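The sequence and coordinates are shown first.

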Amino acid sequence: MEFAEFNKGSPFTIRNARMEDIEQIIHINKDSLPENYPHYFFIEHLKEYGLAFFVGLVNYNVVGYVMPRIEWGFSNFKQIPSIVKKGHIVSIAVEQHYRKMGIGSALLRESMKAMKENYKAEEVYLEVRVSNEVAINMYRKNGYKEVKLLKGYYADGEDAYLMACQL
């Protein structure tokens, strides 16, 4: 799937990630986030969940990505405890220079849509640093709600919000 988005006069494209994108995805991850993963982790997620793993491009260059996975777990929304298929946004990032163009939101929306359509996920969740107000606001605008506070979640001791959205 490939489509063009235009936002604030700056064109970008969202498409499914490919193996040849992995090095740039890892570079964006290391430059943008304190949470980094080994090389094989990205490859495994692309192989397993590639229909919902997307990149954002500007002038054919990868400038952002969203890396998901699909899991079974307790619903964050149902009153009676029940196990559901859930999408998990493991990592999402956009290069600093390309932020505030709508690329992150477009990546998030496409991944959520693909998780629902291709993997039959009923809801999606993610973890976000409590200090990352920009990301928290983007998630809220895309239908996410804070479900719980995860004390000391990150390696540096910072708390995280577990945020979730029904699909």
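## Helix packing and selected residues

The buried residues of helix H1 pack against helix H2 and against the strands E3 (54-58), E4 and E5. The model in which this packing is seen is a predicted one.

**Helix H1.** The residues of H1 that count as buried are Ile22, Ile25, Ile26, Ile28 and Asn29. Viewed down the axis of H1, these buried residues fall within an arc of 160°, so they line one face of the helix. On the face turned away from that buried side, H1 carries the exposed residues Glu23, Lys30 and Asp31.

Asn29 belongs to H1, which spans residues 22-32. Its relative accessibility is 1%; because buried means under 20%, Asn29 counts as buried. When neighbours within four places in sequence are left aside, Asn29 is in contact with Glu35, Asn36, Tyr37, Phe42, Tyr65 and Ser91.

**Helix H2.** In H2, which covers residues 39-49, the buried residues are Phe41, Phe42, His45, Leu46 and Tyr49. Seen down the axis of H2, they fall within an arc of 130° and therefore line one face of the helix. Lys47 and Glu48 are exposed residues on the face of H2 turned away from its buried side. The cover over the buried residues of H2 includes H1, strand E4 (61-74), strand E5 (83-94) and helix H3 (103-119).

**Tyr65 in strand E4.** Tyr65 is found in E4. With a relative accessibility of 0%, Tyr65 counts as buried. Not counting residues up to four places away in sequence, Tyr65 touches Ile25, Ile28, Asn29, Leu33, Phe54, Val55, Ser91, Ile92, Ala93 and Leu107. Between the C-alpha atoms of Tyr65 and Leu162, which are 97 residues apart in sequence, the distance is 20 Å.

**The loop between E3 and E4.** Which backbone angle is positive at Asn59, although this residue is not a glycine? The angle is phi, at about 50°. Asn59 is found in the loop between E3 and E4, and at 63% relative accessibility Asn59 counts as exposed. Tyr60 is likewise found in the loop between E3 and E4. Tyr60 has a positive phi of about 70° although it is not a glycine, and Tyr60 counts as exposed at 80% relative accessibility.

The accessibilities of the individual residues discussed in this report are listed below.

| Residue | Relative accessibility | Class |
|---|---|---|
| Asn29 | 1% | buried |
| Asn59 | 63% | exposed |
| Tyr60 | 80% | exposed |
| Tyr65 | 0% | buried |
| Leu167 | 26% | partly exposed |

**Leu167 at the end of the sequence.** Leu167 lies in the segment after strand E8, which spans residues 160-166. The relative accessible area of Leu167 is 26%, and Leu167 is partly exposed. Leaving aside neighbours within four places in sequence, Leu167 is in contact with Met112, Met115, Lys116, Ala121, Glu122, Glu123 and Val124. The C-alpha atom of Leu167 is separated by 24 Å from that of Asn132, a residue 35 positions away along the chain.

**The protein as a whole.** Four helices and eight strands make up the secondary structure of the protein. Along the sequence they follow the pattern β-β-α-α-β-β-β-α-β-α-β-β. A compact globule of 167 residues would have a radius of gyration near 15 Å, and the protein, with 15 Å, agrees with this. Its C-alpha atoms fill a box of roughly 50 × 35 × 35 Å along the principal axes.

Of the 167 residues, 49% count as buried. Among the contacts with a separation of 6 or more, residues 24 or more positions apart account for 62%. The protein exposes about 9000 Å², of which carbon and sulfur atoms supply 51%.

Technical notes. Residues are numbered from 1 along each chain as its sequence is written. This is a predicted model: local features need pLDDT of at least 70, side-chain atom pairs count only at pLDDT 80 or more; totals for chains, interfaces and linings use all residues. Side-chain values use heavy atoms; hydrogens and water are left out. Helices (H or I, at least four residues) and strands (E, at least two) are DSSP runs, numbered from the N terminus. Buried means under 20% relative accessible area, exposed over 50%, partly exposed in between (1.4 Å probe, protein chains only). Contact means heavy atoms within 4.5 Å. The radius of gyration is taken over C-alpha atoms; the globule rule is 2.2 Å times the number of residues to the power 0.38. Accessible areas come from the Shrake-Rupley method with a 1.4 Å probe; for residues, only the protein chains shown count as cover. The arc is that of the directions from the helix axis to the C-beta atoms.
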